[in-house]
Amino acid sequence: MANPLPEEWSRWLGEEFRADYMQALRRFLAEEKAAKKVIYPHSSQWFRAFELTPLSAVKVVILGQDPYHGPGQAHGLCFSVKPGVKVPPSLVNVYKELASDVGFTPVQHGFLEDWARQGVLLLNTALTVEQGRAAAHRGQGWETFTDRAIETVSAQAPPCVFLLWGGHARQKKALIDQSRHLVLEAPHPSPLSAHRGFFGTRHFSRANAFLAAQGREPIVWQLPEKVSPGRGQA
């Protein structure tokens, strides 16, 4: 696996691609492909979050677990799906909270590239998954890499906001310098847990208030109703 990262990220994370754990991950993925297993997202989009959101531009970090494992869904950004794909239940609940918090008008798609281009790092902690098998690639090395990415944001990015939703994301709190950044925690927006405290957290307005206090441009959370044809496709 050659270093696929843009220069700004590569300065801090490029050496990871020479590490033993990454070599082991490369072998694992090659074996999975040789066994004719379908892996999501397409390899061209494994590092899409880093391509769309430069390190110096990070304003908000949202952490997911692993990519969606259904056909045509994942494209390298957590919680986001390609244009034309039904909005997943967790994202439906995110939209509900946005509507209550900042007057967001729900859209009929789940394509979140607009957020990423504004500085929202939409990072899964594992960057690949096997079709139909949630969490199939956890523990294979991706988490080591994405922990380094979180630590890099904590140490090198301007003051930003980490939105940690659910127990898995909240475990990453120890990697973040809370003297520089704002950490907001809540249950996961999944239908199984959203009613345990995700709704009413007002994380989106609180994130923007923090950014404004730091002299940084707030996020425009409202998504465009229509997505240009071809966007998000590999």
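Colleague: β5 is mostly covered. How many of its residues are buried?

Modeller: This is a predicted model, in which local features need pLDDT of at least 70 and side-chain atom pairs count only at pLDDT 80 or more, while totals for chains, interfaces and linings use all residues. Residues are numbered from 1 along each chain as its sequence is written, and side-chain values use heavy atoms, with hydrogens and water left out. Strands are DSSP runs of E with at least two residues and helices are runs of H or I with at least four, numbered from the N terminus; buried means under 20% relative accessible area, exposed over 50% and partly exposed in between, with a 1.4 Å probe and protein chains only. For β5, the buried residues number five of five.

Colleague: Which residues point the other way from Val161, Leu163 and Trp165?

Modeller: Val161, Leu163 and Trp165 point one way from β5 and are buried. The residues that point the other way are buried too, and they are Phe162 and Leu164.

Colleague: What is the strand order of the open sheet, and which strands are its edges?

Modeller: The four strands run β3-β2-β5-β6 with parallel pairing, where two strands pair if DSSP finds at least two bridges between them. An edge strand pairs on one side only, which applies to β3 (120–124) and β6 (182–186). Neighbouring strands are turned by 20 degrees against each other on average, direction ignored. The order is thus β3-β2-β5-β6, and the edges are β3 and β6.

Colleague: Which residue of β6 is the bridge partner of Leu164?

Modeller: β5 (residues 161–165) and β6 are parallel and pair over five bridges, whereas three bridges join β2 to β5. Leu163 in β5 has Ile62 opposite, and Phe162 has Val183 in β6 opposite. The partner of Leu164 is Glu185.

Colleague: What angle does the direction of α8 make with that of β6?

Modeller: α8 packs on the sheet and touches β2 (60–64), β5 and β6, contact being heavy atoms within 4.5 Å. Axes are lines fitted to C-alpha atoms, for helices over the stretch in contact, with angles from 0 to 180 degrees between N-to-C directions. The angle is about 175 degrees.

Colleague: Is Trp221 buried or exposed?

Modeller: Trp221 lies in the segment after α8 (203–213). Its contacts beyond four places in sequence include Val60, Val120 and Phe204, and its side chain reaches the backbone oxygen of Phe204 at 3.4 Å. Because its relative accessible area is 3%, Trp221 is buried.

Colleague: How many disulfides does the structure hold?

Modeller: A disulfide is a pair of cysteine sulfur atoms within 2.5 Å. The cysteine sulfur closest to that of Cys78 is in Cys160 at 14 Å, so the two are too far apart for a bond. Both residues are buried, Cys78 with a relative accessible area of 1% and Cys160 with 0%. The number of disulfides is zero.

Colleague: The structure holds 16 aromatic pairs. Is the pair of Phe79 and Trp165 stacked or edge-to-face?

Modeller: Rings of Phe, Tyr and Trp (its six-membered ring) pair if their centres lie within 6.5 Å, and planes under 30 degrees apart count as stacked, over 60 as edge-to-face and the rest as tilted. Phe79 lies in the loop between β2 and α4 (89–102) and Trp165 in β5, so the pair ties together parts 86 residues apart in sequence. Both Phe79 and Trp165 are buried. The ring centres are 5.6 Å apart and the planes are at 70 degrees, so the pair is edge-to-face.

How values were computed: A polar contact is a pair of N or O atoms within 3.5 Å; within protein, one must be able to donate a hydrogen and the other to accept it, and residues adjacent in sequence count only if both atoms are side-chain atoms.
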